[in-house]
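I opened a new model today and kept notes as I went. The entries follow the order in which I looked things up.

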Amino acid sequence: MTKTKYFTSGGIAFSEKGDLKRLKKFASKGWNVKRYKAIGYEMEKGEPELVDFSIDIHQLEKGDTDEYFAMFDFAGWEHVCSNEHTNTHLFKAPVGTEPIYSDRETKAEKLFRLQNSIMPAVWVTVCFTVITYVLMLITGGGVSAMFEVFFIVSLMLMAPCISMYIALTYRRLRLQ
């Protein structure tokens, strides 16, 4: 029997609630989150748990880590795992624990932090797309064909970045 399972995240920008609901369902069946990666969750078989999950986006400075996790622990939320590249932290707590984000203002702040974390990727992909498009137009022959490939690849990378940014903006504005 497999003791490790993976499930793909729908993306925090698009389906945070759906991901958390699925994690809760998996935990009730004994599949506990071991690690969070950019595209999904790694789980391992263990004891069933009746828990809720919550995600926080926060860039931790050196020396702030202990205080940050202690604050959540004090509120009843246990740290499960973090992804340092995306500054994403996953917590769990017994069902019925007061949510980490219980008001509109703090939910909007969380979404704003997530927007800021993806902003560099948005700018890089937009700049790369524009540059490759211009180079595709001003060059000729095989070089132009090479830049056309780069342009298509950069478009494929830019579209999800901009979609995430728009989705986060929409969600944040709905809260305000």
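Predicted model: local features only at pLDDT ≥ 70, side-chain atom pairs only at ≥ 80, totals over all residues.

In which strand does Glu42 lie? I found Glu42 in strand β3, which covers residues 40-45.

Next I asked: is Glu42 buried or exposed? The relative accessible area of Glu42 is 7%. Buried means under 20%, so Glu42 counts as buried.

I then listed what Glu42 touches, leaving out residues up to four places away in sequence. Thr4, Lys5 and Tyr6 are among them.

I moved on to the helices. Helix α1 spans residues 12-28. The axes of α1 and α4 come within 9 Å and cross at roughly 65°. From α1, the contact uses Ile12, Ala13, Phe14 and Glu16. From α4, I noted Ser163, Met164, Ala167, Leu168 and Arg171. I sorted the residues of this contact into six nonpolar, one polar and two charged.

Which residues make the nonpolar surface patch of about 610 Å²? I read off Phe128, Val143, Met146, Val149, Phe150, Val153 and Leu157. Helix α4, residues 141-175, gives the largest share of the patch, with six residues.

I picked out Met146, which is found in helix α4. Its relative accessibility is 40%.

Conventions: Residues numbered from 1 in each chain as written. Heavy atoms only, no water. Patch = residues over 30% accessible without salt bridge, like charges linked within 9 Å, V, L, I, M, F, W, Y side chains within 5 Å. Areas by Shrake-Rupley, 256 points an atom, 1.4 Å probe, with all protein chains shown as cover. Salt bridge = Lys/Arg side-chain N within 4 Å of Asp/Glu carboxyl O. Helix = DSSP H or I, 4+ residues; strand = E, 2+ residues; numbered from the N terminus. Buried < 20%, exposed > 50% of the residue type's maximum accessible area, 1.4 Å probe, protein only. Axes fitted to C-alpha atoms, helices over the stretch in contact; angles between N-to-C directions. Contact = heavy atoms within 4.5 Å. Nonpolar A, V, L, I, M, F, W, Y, C, P; charged D, E, K, R; others polar.
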